[in-house]
Amino acid sequence: MDVESLEVELFGLRPSEFTAARDEYAAKARKAGDRQLAAAIAALRKPTVAAWAAGLLARRRPKEAQSLVQLGEALRTAHRTLDAEQLRKLSHDQHVVIGRLARTARALAVEAGQAVSEPVLHEVEQILHAVLADADTAALWEAGRLVKAPDAALGFTGLEPASGAAAPRWTARPVVPAKDQVRPSEPDGEGRAAQARRERARAAQVEAAETAAEAERLEAAQAAAQELADRAGVDVVAAEDDVRAAGERLETARAASVDAAAGLKEAGRAAAMARTKAEAAARKAAKLTGPEE
């Protein structure tokens, strides 16, 4: 047995099935005399429900998983190059994609027999954010070997800008050495006010883009919640129909049981009467066929 392959196999099981299966494999390795392998198997940690659900998504939807990994590579590149325009676009994309993939992971988990609560769904989203931010996490997730959600602090903040990368257009401007500067006259009060307005406008544009992306993410979450509510409503109606039909079948069965009991009682009386008549007939026949004097 190969530990990494076995780990992937075990992570494909529901979390409630993990420990028993792991211990069984460890026992087989010990029985075969491979104590080192048995110890390595026994040391495998059961994934959290969120990590398992996220891994299920990677296993069942490999093309979508690869698309998320590629989006993460593009985001990390944009952070390193400080490409503000690309960052705005990709940040919008990541909210939409992560919301959709988290809901898909939840649906796959439910199909596999594992319920996913709202806190767990939020943890799945955290895992997918970490997949975008960190290449090592992405590799573990895509291989189906992620045990738990990475630390909350994991993000894009640790990425150093690439050498020669330009500063984001909304935060900084190139610095010109003093000796090369042409020193115009100081702007008057009206010029300073206009410059301040332009800077506020740039900041407002960035804030508007981020707010729009967040609004779209929340709208997608609302649509998903509505879809779940609609499905639950359909299930309730179907369950009520089942209960109603079962009640009707129960009443029919009870009536049939009462009729059968009455029939049984009547049949018993008829049988008793027939026995009595038969016995009387037998006695009469015996008298008529008795010995002659």
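Here are some exercises on this predicted model, each with a worked solution.

Residues are numbered from 1 along each chain as its sequence is written, and side-chain values use heavy atoms, leaving out hydrogens and water. Because the model is predicted, local features need pLDDT of at least 70 and side-chain atom pairs count only at pLDDT 80 or more, while totals for chains, interfaces and linings use all residues.

**Exercise 1. The overall build**

Work out which elements the chain has and how much of the chain is buried.

Step 1: Count the elements. Helices (H or I, at least four residues) and strands (E, at least two) are DSSP runs, numbered from the N terminus. You get nine helices and zero strands, so the order reads α-α-α-α-α-α-α-α-α.

Step 2: Check burial. Buried means under 20% relative accessible area, exposed over 50%, and partly exposed in between, with a 1.4 Å probe and protein chains only. Buried residues make up 25% of the 293 residues.

Step 3: Using the Shrake-Rupley method with a 1.4 Å probe, the chain exposes about 19400 Å², and carbon and sulfur atoms supply 56% of that.

Step 4: Look at contacts, meaning heavy atoms within 4.5 Å. Of those between residues at least 6 apart in sequence, 72% join residues at least 24 apart.

**Exercise 2. The faces of H3**

Which residues of helix H3 are buried, and which are exposed?

Step 1: Find the helix at residues 35–42; its Leu37, Ala38 and Ile41 are buried.

Step 2: Look down the axis. The buried residues of H3 fall within an arc of 100 degrees, so they line one face of the helix. The arc is taken from the directions from the helix axis to the C-beta atoms.

Step 3: Recall a bit of helix geometry. An α-helix has 3.6 residues a turn, so residues three or four places apart point the same way.

Step 4: Turn to the other side of H3, where Arg35 and Gln36 are exposed.

Step 5: Ask what does the covering. Helix H1 (3–11) and helix H2 (15–31) are included in what covers the buried residues of H3.

**Exercise 3. Helix H8 from end to end**

Describe the start of H8, its buried residues and what follows it.

Step 1: A side-chain oxygen of aspartate 134 comes within 3.3 Å of the backbone nitrogen of aspartate 136.

Step 2: Down the axis of H8, the buried residues fall within an arc of 100 degrees, so they line one face.

Step 3: Go past the end. Glycine 144 follows H8, and its phi is positive, near 75 degrees.

**Exercise 4. The nonpolar cores**

Which residues of the largest nonpolar core touch the most other members?

Step 1: Know the term. A nonpolar core is a set of buried Ala, Val, Leu, Ile, Met, Phe, Trp, Tyr and Cys residues joined through side-chain atoms within 4.5 Å.

Step 2: Pick out the residues. Among the 34 members, Leu57, Leu68, Val124, Ile127, Leu128 and Trp141 touch the most others.

Step 3: See who contributes. Helix H4 (49–60), helix H5 (62–81), helix H6 (84–111), helix H7 (118–133) and H8 each supply at least two residues.

Step 4: Zoom in on valine 124. Not counting residues up to four places away in sequence, valine 124 touches Ala50, Ala53, Ala54, Ala102 and Ala105.

Conventions. A polar contact is a pair of N or O atoms within 3.5 Å; within protein, one must be able to donate a hydrogen and the other to accept it, and residues adjacent in sequence count only if both atoms are side-chain atoms.
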